Amino acid sequence: MWGVQRTRYADCSGSEASEEPEVAVNIGGVKQVLHGDVLSRYPDTRLAELLDCSLKSPEEISSLCDDYDPDTGEFYFDRDPEAFKCVIELYYYGEIHMKRGICPICFMKEMEFWKIDSDFLDECCTWHLQEVEDELAEIAEKVRTILVDREGDPSAAGWQRFQMFLWRLMEKPETSMPARIIAIISFIFILVSSVVMCVGTIPDLQVEDAEGNLTEHPTLEVIETLCICWFTVEYFLRLISAPNKVKFVLAFMNIVDFMAIMPFFVVLILTSVGAGMMELANVQQAVQALRIMRIARIFKLARHSSGLQTLTSALKSSFKELGLLLMYMGVGVFLFSALGYTMEQSHPDTLFTSIPQSFWWAVITMTTVGYGDVYPKTTLGRCNAAISFLCGVIAIALPIHPIINNFVLFYNKQQVLETAAKHEIELMALRSGPGELEAAPSGTMHSCHSEAYIPLLKDPRGGGAGLSTPSKDTSFGSTAETTEYFIS
């Protein structure tokens, strides 16, 4: 008869009082004995269902476990014993905490097998699980993007296929050699344009126009025109091939690209028709103002530099720390400029004529720049200056570490995502066979493979609480460990 072992207990007089059922389970070679009163605390779980096996048929028992030994009354489960150590904590502590080194996605499958709801998972582990799921979703999206960039959309035809080809050619330098060559050419044009803009301001290389004003050398203007022509053609080709035109136009880097080419055409229009519409002096002022906007071209380098892109993203995630820095500096500037103005009023040759004028002195002092154009002359003013630059150093140093930490974390995350995406594509290629990679499901992620790249949360408890020292035993023809759980 299939049944559950029972342990007999005696009362104070020595007579037999009750029988407490015990369940012997073997989890992946690790034998464990569980008491029925502990398992009955959660009757809807799989372990609690083992208590009523004496009333169930062999088929029903086989549906609960992988194997059963009627001689020893031992249930065998081909599951992860380390994960089971975490699962059994529910019956003793009322919550489950994932140990370090366990894949969160696989652990959720273990909880589902043991019929335990995810609400019993500890809050810190729930947060970690959500973080892992988000990273896996990012990896899956990156894999899908790489596959689309590499193979294209098989359902696309005609103009859509040409549009995708042009988009990969202009926007994805890693997809092909021609795209990489175009990216290098664009990078060279950006450098040449920036150098021409700087060299054109050297007086020795400028020439005089008919009115005697210094203008850029004609050769530099020709080079500038060629660079603008390349930027214009590149921008419109990317705009035509963009899958989402509105998103493309509103993207920050594309706004920078537009601002880099717009001044040239505005200056060209003003110099052509502006003289007849307004005074020449106003036209020249407008032209000079628009020429200054050419410095936006240097930001085009961020399109071809992953380091600059990482820096931009890290600064976006550090707005809170940057806000604290500005707040500290703002309070210090206001405080020490007011003190400096008050303390320097007794000196006849004071350089502190007003509190707003003293703001400049406070800024350059707290940032330890110290130009020397404004400085205190009284003893109290100098003491105030010494305190101000010490406070400035502290105010600047406090938020710097979180900002640097955000940069390192974001950079490492980007490297992890790229490595995990490439690893997943290699696994998909091995499973699908040669020439069948594009048919593989790009949205399918294998958590155990990806988990190797994701840092795990450290277990604050530092080990399996409530577990006794395991002892060696033999079960099912293999070496096993017997662990008995007791209520503390």
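Start by selecting Lys99 and Glu89: they form a salt bridge, with the closest N and O atoms 2.4 Å apart. Keep in mind that this is a predicted model. The pair links distant parts of the chain, with Lys99 in the loop between helix H5 (90-93) and helix H6 (104-113), and Glu89 in the loop between H4 and H5, 10 residues apart. Color by accessibility and you'll find both Lys99 and Glu89 buried.

Next, step back to helix H4 (residues 81-87) and pick Lys85 and Glu82. Their side chains meet in a salt bridge too, at 3.5 Å from N to O. The two sit 3 residues apart in the helix, so about one helical turn separates them. Lys85 is partly exposed at 26% relative accessibility, and Glu82 is partly exposed at 43%.

Now jump to Lys31 and Glu74, another salt bridge, whose closest N and O atoms are 3.5 Å apart. Lys31 lies in strand E3 (residues 30-35) and Glu74 in strand E5 (residues 74-77), so this pair ties together parts that are 43 residues apart in sequence. Both Lys31 and Glu74 are buried.

For a network, select Glu171, Arg238 and Asp257, which are linked by salt bridges. The whole structure has 7 salt bridges.

Last stop: Thr378, in the loop between helix H16 (355-366) and helix H17 (379-432). What does the Thr378 side chain make a polar contact with? Show Glu344: its side chain is the partner, at 2.6 Å. Beyond its neighbours within four places in sequence, Thr378 also touches Met343, Ser346 and His347, among others. Thr378 counts as buried, at 12% relative accessibility.

Note on methods
Residues are numbered from 1 along each chain as its sequence is written. This is a predicted model: local features need pLDDT of at least 70, side-chain atom pairs count only at pLDDT 80 or more; totals for chains, interfaces and linings use all residues. Side-chain values use heavy atoms; hydrogens and water are left out. Helices (H or I, at least four residues) and strands (E, at least two) are DSSP runs, numbered from the N terminus. Buried means under 20% relative accessible area, exposed over 50%, partly exposed in between (1.4 Å probe, protein chains only). Contact means heavy atoms within 4.5 Å. A polar contact is a pair of N or O atoms within 3.5 Å; within protein, one must be able to donate a hydrogen and the other to accept it, and residues adjacent in sequence count only if both atoms are side-chain atoms. A salt bridge is a side-chain nitrogen of Lys or Arg within 4 Å of a carboxyl oxygen of Asp or Glu.
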